[in-house]
Amino acid sequence: MKTTTLAALGLATTIATTATAEDIKIGLLLPYSGVYAALGNEIDAGFALGLEQFGGETDATFEILREDTEVKPPVALGKAKKLILQDEVDVITGIVSSGVLGAVRDMVHGAGVPLIVSNAGNDEATGADCSPFITRMSFSNGQVNRPMGTWMYEQGIRKVYTLAPDYAAGRQMIDAFEQTFTAAGGEIVGQDFTPFQKTQDFGPYLTQAKSSGADAVYVFYAGGEAISFVKQYDSFGLKAELPLYGSGFLTSSLYVNAQGPAAEGVIAASHYVPTIENDANAVFVDGFMAKIGHAPSEFAVQGYDAARALVEATKAGATDRASLANALRQVTFEGPRGILSIDPATNNIVQPIYVYETVAGTDGLTQKVLAQLPSEADPANDCVMDPVSN
Ligand code: PHB
């Protein structure tokens, strides 16, 4: 475990302190190892930048304690317990995997510790298993994939083969896509869920897709799995005859240059790409480039906005677990992704979704926005939101 104070980050001068200032202890629960390690590091970098850029707006001071989930639900649960019971953190943020979010949900809810989810899209955490202590600043699995079913049908695609890793996020993302694609009149002609974190060779699945009669393939893969999938798809010679679509993580700006030309022409949907044109994004991209050396990805913006939400909550006077939980649910601002708000019925974020194509740019691959789809709140899916008393 590493502890970082803002002073250690060289930020002490930017953060106002007063005699009454509260010190907020933050548990950053992220994968710093395993298949999503790059995602965890990127969220961490975005979070640090967010505290740096917005921290001066509040009298609160912040201390960060980091724990590695290793993308393993039982490990993550142990780390969450340690942060809550031993370190007595005021708030937890992070969590990349839907499986990990499912594992820690009861612990944070039962202990009454606010959790700002800065990646994991697990629909249940803002559905049937919602909690007034869980606020999501990232996306839900349904939210990113649902609009693509309709959009692809509108582009004339009628038959699709789907692939995703076999765990909660893969199942939920494909379900959401399938629901809207079939409701529009499309047909899923075949489907596979590949062993999560274990599949090295996608060849057998690609053979099935090739002979399925599909017009296109739709997938969810992220991190290391996305890099190998996109490369294998191209070297299998499938891209020209069977166009590849997916949720945006497939060709994230974080690793698209590791995929190289294999990613060119892939079309995907995301809540953020670094090429979105607005003032808040220009500030974010410049700040992230200057500090980290590459353009920020959707993972970076999730960390950045989680930090901003926390700052906003403390500006509203929140100091302890209960008041932070209540204030976090009311946060709204215009950030790099556009206007964000939290749906009071579920505590899930409401935000626009962007359809983008990966294209060759002057400095490597870049994201060309094809469509901005309107913000829609998720269905409440049996969420009963109990109030928290301060
Ligand atoms: C998830 O497990 O919820 C998840 C992981 C990685 C992503 C997106 C969703 O890029």
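**Exercise 1. The pair H4 and H5**

Determine how helices H4 and H5 are oriented relative to each other in this predicted model.

*Solution.* Step 1: take the geometry of the axes. Helix H4 covers residues 141-154 and helix H5 residues 168-184; their axes come within 7 Å and cross at roughly 30°.

Step 1: apply the cut-off. Angles under 35 degrees count as roughly parallel. H4 and H5 are therefore roughly parallel to each other.

Step 2: assign the hand. The crossing of H4 and H5 is right-handed.

Step 3: identify the residues that meet. H4 contributes Asn 141, Gly 142, Asn 145, Arg 146, Met 148, Gly 149, Thr 150, Met 152 and Tyr 153, while H5 contributes Ala 168, Ala 169, Gln 172, Met 173, Ala 176, Phe 177, Thr 180, Phe 181 and Ala 184. Sorted by class, this contact of H4 with H5 comprises ten nonpolar, seven polar and one charged residues.

**Exercise 2. The packing of H1 against H9**

*Solution.* Step 1: H1 packs with helix H9 (residues 279-292) at an angle of about 115°, and their axes are 11 Å apart.

Step 1: the range 65 to 115 degrees counts as roughly perpendicular.

Step 2: the hand of the crossing of H1 and H9 is right-handed. On the H1 side the contact is made by Glu 42, Ala 45, Gly 46, Ala 48, Leu 49, Glu 52 and Gln 53, and on the H9 side by Val 283, Phe 284, Gly 287, Phe 288, Lys 291 and Ile 292.

**Exercise 3. The packing of H1 against H10**

Describe the crossing of H1 and H10 and the classes of the residues in their contact.

*Solution.* Step 1: the axes of H1 (residues 37-54) and helix H10 (residues 298-315) come within 6 Å, with a crossing angle of roughly 40°.

Step 1: this crossing of H1 and H10 is right-handed.

Step 2: residues of H1 in the contact include Leu 39, Ile 43, Phe 47 and Leu 51, and those of H10 include Phe 299, Tyr 304, Arg 308 and Val 311. The contact of H1 with H10 has 13 nonpolar, five polar and two charged residues.

**Exercise 4. Cavities**

State how many cavities of 30 Å³ or more are counted, and characterise their linings.

*Solution.* Step 1: the count gives two cavities of 30 Å³ or more.

Step 1: the largest cavity has a volume of about 90 Å³. Its lining consists of 17 residues, with Val 96, Asn 119, Tyr 167, Met 173 and Phe 220 nearest the centre. By class, the lining of the largest cavity has twelve nonpolar, five polar and no charged residues.

Step 2: the second largest cavity has a volume of about 40 Å³. Among the residues lining the second largest cavity are Gly 248, Ser 270, Tyr 272, Glu 298 and Gln 367. The classes in this lining are four nonpolar, six polar and one charged.

**Exercise 5. The largest pocket**

Identify the element that gives the most to the lining of the largest pocket.

*Solution.* Step 1: the largest pocket has a volume of about 330 Å³. It is lined by 15 residues, and Asn 257, Ala 295, Asp 363, Leu 365 and Gln 367 are the closest to its centre.

Step 1: helix H8 (256-259), H9 and strand S16 (364-373) are the elements that give two or more residues to this lining.

Step 2: S16 gives the most, with four residues. By class, the lining of the largest pocket has seven nonpolar, seven polar and one charged residues.

Definitions and conventions
Residues are numbered from 1 along each chain as its sequence is written. This is a predicted model: local features need pLDDT of at least 70, side-chain atom pairs count only at pLDDT 80 or more; totals for chains, interfaces and linings use all residues. Side-chain values use heavy atoms; hydrogens and water are left out. Axes are lines fitted to C-alpha atoms, for helices over the stretch in contact, and angles run from 0 to 180 degrees between N-to-C directions. A crossing is left-handed if the near helix is turned anticlockwise from the far one by less than a right angle, and right-handed if clockwise. Contact means heavy atoms within 4.5 Å. Ala, Val, Leu, Ile, Met, Phe, Trp, Tyr, Cys and Pro count as nonpolar, Asp, Glu, Lys and Arg as charged, and the others, Gly among them, as polar. On a 1 Å grid over the protein atoms alone, a cavity is a set of points where a 1.4 Å probe fits but cannot get out, and a pocket is an open set with protein on both sides within 12 Å along at least five of seven lines; lining residues have an atom within 4 Å of a point. Grid points are joined across faces, edges and corners, and a volume is the space filled by probe spheres set on the points. Angles under 35 degrees count as roughly parallel, over 145 as roughly antiparallel, 65 to 115 as roughly perpendicular and the rest as oblique.
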